[in-house]
Amino acid sequence: PVMSTAPIVLVPGWWLGAWAWDEVAADLRGQGFEVTAVTLPGLESVDTDRSKVTFEDHVQAICDVVAAVGRPAVLAVHSGAGGPGYAASDHCPENIAHMVYVDTGPAKGALDDEFEGTEKPLPPAEELASSENLDGISEEKLAEFRRRAVPEPAGAMTGSATLTNGARLDIPTTAVCTAFSSADYKEHAEQGMPFLAGYLELRNIDWVDLPTSHWPMWSRPADLAQIIARVATDAGS
């Protein structure tokens, strides 16, 4: 690995494991970066018992990975990982050199506090297409998503963390806006959307527009890798 760059930790959103980052991770490793992609607790396989997985389990898993890397890492979190990712920046800021939010935000409060049941499966294809931006994702990749998706543990959706550590507010942050523009993101944060609430308190945010799907690791993997590579190079210098 290129020692002058920060190591990179990649955390996918709901229904996904480390595999979701395969193309981005391969690109970054090919450039000499040290990359760890994460599968959060409960998302290992369809057969995993998700009934007791909590939000705090996801936060702790992220903190454990960035600690294991051995030096401050670039932590890139996608979609539903924005909540536990922000909580991790509160719990273990000393191990995080830079936060990257990939089409998500530093969420405060539960991501879905009204959800009932033990898990949320990936919605059917039509419902997903009507609720999420799928621009540029190939049919093959969507089919793989449906085949490999694992239900999201309810505890990760309904739980939240109390944020008390002011150190999180000074962690340099990059917001990669894909399904919506950075202007939309800022407007929705100002309107009080809980999953973007941290944007109103963080002190050092770089906004990057990368117009594409909500899953840019599939629709624009090379461009997303380039953004993360730039962050890791700057964070290591």
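What is the torsion about the S-S bond of Cys 63 and Cys 92, and is the disulfide left-handed or right-handed?

Author: The model is a predicted one. The torsion about the S-S bond of Cys 63 and Cys 92 is about -90°, so the disulfide is left-handed. Cys 63 belongs to helix H2 (residues 55-69), while Cys 92 sits in the loop between helix H3 (82-91) and strand S4 (96-102), so the bond ties together parts that are 29 residues apart in sequence. The sulfur atoms of Cys 63 and Cys 92 lie 2.3 Å apart, and the structure contains 1 disulfide. In general terms, such a link is a covalent bond between the sulfur atoms of two cysteines.

Both partners can be classed by their accessibility. Cys 63 has a relative accessible area of 7% and is therefore buried, the cut-off being under 20%. Cys 92, at 5% relative accessibility, also counts as buried. A further cysteine, Cys 177, is buried with a relative accessible area of 1%.

The loop that holds Cys 92 also holds Pro 93. Pro 93 counts as buried at 11% relative accessibility. Leaving aside residues up to four places away in sequence, Pro 93 touches Ala 88, Asn 165, Ala 167, Arg 168 and Ile 171. By contrast, His 188 is 95 residues from Pro 93 in sequence, and their C-alpha atoms are 26 Å apart in space.

Key: Residues numbered from 1 in each chain as written. Predicted model: local features only at pLDDT ≥ 70, side-chain atom pairs only at ≥ 80, totals over all residues. Heavy atoms only, no water. Disulfide = S-S within 2.5 Å. Helix = DSSP H or I, 4+ residues; strand = E, 2+ residues; numbered from the N terminus. Buried < 20%, exposed > 50% of the residue type's maximum accessible area, 1.4 Å probe, protein only. Contact = heavy atoms within 4.5 Å.
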